Amino acid sequence: MDPWEGSSLTRNPFAWIREAFTSTEQDVVKLSGVDTAVYFVFLSTVLGIFALSALLLLPTLLPLSATDNSLKTSRNVTDTTSNGTFSQLDNLSMANITRRSSRLWAFLGAVYWVSLVTYFMLWKAYKHVAALRAEALMSSEEVLPEQYAILVRDIPSPPNGETQKEFVDSYFREIYPETFYRSLVVTENSKINKIWENLEGYKKKLARAEAVFAATSNRPMNKTGLLGLVGERVDSIDYYTKLINESVAKLEAEQRTVLAEKQQTAAVVFFTDRVTAALAAQSLHCQMVDKWTVTEAPEPRQLIWENLKIKFFSRIVRQYLIYFLVAITILFYMIPIAFVSAITTLGNLQKALPFIKPIVEIAFIRTILQSYLPQIALIVFLAMLPKFLMFLSKSEGIPSQSHAIRAASGKYFYFSVLNVFIGVTLAGSLFDNLKALETKPNSIVTVLATSLPKNATFFLTYVALKFFVGYGLELSRIIPLIIFHLKKKYLCKTEAEVKEAWYPGDLSYATRVPSDMLILTITFCYSVIAPLILVFGVIYFGLGWLILRNQALKVYVPSYESYGRMWPHIHTRILAALFLFQLVMFGYLGAKLFVWATLLVPLIFISLIFGYVCRQKFYKGFEHTALEVACRGLKQRPDLEEVFRAYIPHSLSTHKGDDHQFKGAMSRYQDYAAISAA
């Protein structure tokens, strides 16, 4: 939409709050898709967990901590939470509870309360998301191409005298004689994609040159060499018109070659009804698992075409190799993170940069830097990681964009927990406890648990920084706004370029969900040790629900739809955070010499059993489309030819019929399509 389309120029600046609150889940599904609605189920579920936990923990644990005097009477200050500037928080934390105190029973009970609330909210959310997914897939309003197709990989070599397409058609026509429609064999498109991208680039440059000519009445000129800086000076309109016509001829020739000679060992197979497609996607088609591998087809826009030809065992090897690389990355990324944590302390910065001393001696600036400098450095450092993890995920041979995002999200989550949470927690005390770890390697849980209270202030300010600065920038979108106006003023010449510059993108689940999960893990692990963090957690997820609901309804444009397939992964990671919380509390209560800490052992096993039961009950409905869902009839009869054409790559599809320069390519491709269908 244009900036002011659908709204008045004068608008109450707080109207968005009312509109976000009054919007329904169906509004979100209609405007932003099921995946976005599922993301809000995640936010509301976590908000409910922390709000219900806070209702009991804050009035119970805070008075117990505040009225004890362990920190005053003990000479051992290793329990302090004041590795920051707010040392008064010590008196409101579990660190102020005397060892072996009977008050520790309340903290033990609090762990059970948080766990039971989490089980209840997660079970309720899983049922709701499963129903939401089924309702969307049963929709009779819209024909979804992916519901009539399956993705087939690891196709064997065809018999002599048959093409790959003929082999695929005969194989599936024999198994599904009445419902098989046709197939689209995947081709090697790297060369033709480059030609097509060049063609699209020339069309944009021609449109830009024509816009400049219309505005100035002067025909634009450009140089033909590197970046337009060197070479012969030519008329831009004539030059790009010539390049377009040459590219069209190349495209037509390469289309013939690709369709005839570059067929790969993968295909998209289409059926005449949704039930057969759903049934085929769940069936074993060959006795050998490395041949005729069949899965549900992703959306056409999601397919990662270059990955479809990768063989079965090659995918397995790639997967384990990527896991190894991620483990190495996590291990060695700890070194720069620990380095960043060390050098960004105010004292170390003053030693390294003596000229900043007069500035940091100002009381206000010193307080701000002491509170937030390490956290800002950590956030900036983490921003460098997501693209690398996405590259690794795609290298596994994953067939769809949404699957790659889920894989990258998982890697980013475990990286965040192991490097940021555990790494920062242990950084200050690991070297102090190396001798203890050498003699007792299994004491790592105790070391982690006793290190947590010392970093409570760091993580409190980290969470506060995330919702104050992070959501402030999210709501205002000041950085994208500045970039847009710079592009519009200096780079954009056509209406299409302005719209492209204005395009907001999607919600970026690959980084957003793991970031939320890190806050979730921090809040879980400190919820009993320093219950005040629950207030920060409620604010973070409450503001997130409100602000991102507005952004989902008014700003972001979804780039894919997987109908909530991210949820099982979200559920598993919430349970992983809960499991870590229970382990940490077991270790910390043990460090407090509370003999009844062993009562937490059954709770840890209950979490594992709960996760297993949820997976067995719900996961299959997310892995595959249930037949009772697929059998619901559509109000309109699907146009199967349109379903088929939805999966044709852009470089092989026709150009617009009203563009007279490209009619040749369009008519030729229609001939190719007719031949391939025969």
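Predicted model: local features only at pLDDT ≥ 70, side-chain atom pairs only at ≥ 80, totals over all residues.

Colleague: How many aromatic pairs does the structure hold?

Modeller: There are 35 aromatic pairs. Rings of Phe, Tyr and Trp (its six-membered ring) pair if their centres lie within 6.5 Å; planes under 30 degrees apart are stacked, over 60 edge-to-face, and the rest tilted.

Colleague: Why is the pair of Trp-105 and Phe-594 edge-to-face?

Modeller: The pair counts as edge-to-face because its planes stand at 90°, with the ring centres 5.4 Å apart. Trp-105 belongs to helix H5 (residues 104-137), and Phe-594 to the loop between helix H23 (567-591) and helix H24 (600-623), so that 489 residues separate them. Helices are DSSP runs (H or I, at least four residues), numbered from the N terminus.

Colleague: Is Phe-594 buried or exposed?

Modeller: Phe-594 is buried, at 6% relative accessibility, whereas Trp-105 is partly exposed at 40%. Buried means under 20% relative accessible area, exposed over 50%, and partly exposed in between (1.4 Å probe, protein chains only).

Colleague: And what sort of pair do Tyr-126 and Phe-618 form?

Modeller: Tyr-126 and Phe-618 are stacked, with 4.5 Å from centre to centre and 15° between the planes. Because Tyr-126 lies in helix H5 and Phe-618 in helix H24, this pair ties together parts 492 residues apart in sequence. Tyr-126 is buried, with a relative accessible area of 2%, and Phe-618 is buried at 9%.

Colleague: Turning to charges, which ring does Arg-549 sit over?

Modeller: The charged end of Arg-549 sits over the ring of Phe-40, 5.3 Å from its centre. The rule requires NZ of Lys or CZ of Arg within 6 Å of the ring centre and within 35 degrees of the ring normal. Phe-40 also belongs to an aromatic cluster whose members include Tyr-39 and Phe-42. Elsewhere, Arg-182 lies over the face of Phe-644, at 3.6 Å from the ring centre.

Colleague: Finally, where is Ile-482, and is this residue buried or partly exposed?

Modeller: Ile-482 is in helix H19 and is partly exposed, with a relative accessible area of 47%.

Conventions
Residues numbered from 1 in each chain as written. Heavy atoms only, no water. Helix = DSSP H or I, 4+ residues; strand = E, 2+ residues; numbered from the N terminus.
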